[in-house]
Amino acid sequence: MAEALVLEKITKIFPHPAGPVRAVDDVSLTIHDNEFFSLLGASGCGKTTLLRLIAGLEQPDGGRIILGGQDITELPAFRRPVNTVFQSYALFPHMSVADNVAFGLKMQKKKDVALAVTDALRLVRMEKLADRMPSQLSGGQQQRVALARALVNRPQVLLLDESLSALDYKLRREMQGELKRLQRETGITFILVTHDQNEALSMADRVAVMDGGQIVQVAAPPEIYHNPASRFVAGFVGTCNFVPAHVLGLDEKGDVGFRPEDAAFGVDGLVMAGQLTQVSYLGAITHYVVQLDSGENITIAHTENNAVEAGSRVHVSVDEEKLIRCAV
């Protein structure tokens, strides 16, 4: 599989009164052509800094950035075949939709600007609103215009920096589908930075989980979820219950984990006893919180509403094959 982007031992250090901060710490990563890739992590983990390094908005203190086989580490941002869509869409308020999309092409004195703009707006399904002003658009429509502006000159890589976070839940879900469609139709490599685990898992071909300036796991979403490389990944990506191994009668040291959907009420498999303390009906799923006799609180998630009331004495079972055994 061809390589779109290669990061080799990238490091970025920021000064701080308490001492230098390694925002990105010796990161190496390969992203493929025509891949929808996601950088996932909590605030301050280094994911946005890494994106800015790829875009050329920051310069690394060490390492190399190779795009399409070319070393672009020293290349200024405006010369890189990369475009970025930020959380704030940064549309020019005094320009129409079409003029916003055309702006970069006109600055570069490109030919056939009108045709390129029409094609870009058609791609994001905004061609009928070409003459509107940004103030006349909804948040989702502004997002589409920002995407059209970023895609109009067909960059090698499109960077998305928390670009859906300003949208409400329903519109955000809609735009997630739109982004996947755009990536497949254009064949451009997309790199999405997000703190939203559901967004990363549902959209990306592969996910890199970051913590403390480092990448702690890179894998396809099912692998990240079912086979996390560490306790941090297991806890950050989805919900995970952790209990001491001996609570489940296992002859091993330390804690083991399991997902809420992999536990059930009953006595088949590995069994834990406790008291049901909370029942939360969430539409398609019901969440149950159980305080085990050993003191831990665990969550069970079922698609069916069990006839079990808060305060009941319960037994919870989990299949040993579903246990997550991972490093600290």
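This is a predicted model: local features need pLDDT of at least 70, side-chain atom pairs count only at pLDDT 80 or more; totals for chains, interfaces and linings use all residues.
**Exercise 1. Burial and contacts of the chain**

Task: Determine what percentage of the 328 residues in the protein chain is buried.

Solution: A residue is buried when its relative accessible area is under 20%. Buried residues account for 48% of the chain. The exposed surface comes to about 16,100 Å², with 49% of it supplied by carbon and sulfur atoms. Among contacts with a separation of 6 or more, 63% join residues 24 or more positions apart.

**Exercise 2. T286**

Task: Decide whether T286 is buried or exposed.

Solution: Locate the residue first: T286 belongs to strand β15, residues 285-292. Its relative accessible area is 2%, so T286 is buried. Beyond four places in sequence, T286 touches V279, S280, Y281, I300, A301, H302 and N305.

**Exercise 3. L250**

Task: Find where L250 is located and classify L250 as buried or exposed.

Solution: L250 sits in the loop between β11 (241-244) and β12 (255-258). With a relative accessible area of 11%, L250 is buried. Contacts of L250 outside four places in sequence are A245, V256, L270, E320, L323 and R325. For the pair L250 and L270, the sequence separation is 20 residues and the C-alpha to C-alpha distance is 8.8 Å.

Definitions and conventions:
Residues are numbered from 1 along each chain as its sequence is written. Side-chain values use heavy atoms; hydrogens and water are left out. Buried means under 20% relative accessible area, exposed over 50%, partly exposed in between (1.4 Å probe, protein chains only). Contact means heavy atoms within 4.5 Å. Accessible areas come from the Shrake-Rupley method with a 1.4 Å probe; for residues, only the protein chains shown count as cover. Helices (H or I, at least four residues) and strands (E, at least two) are DSSP runs, numbered from the N terminus.
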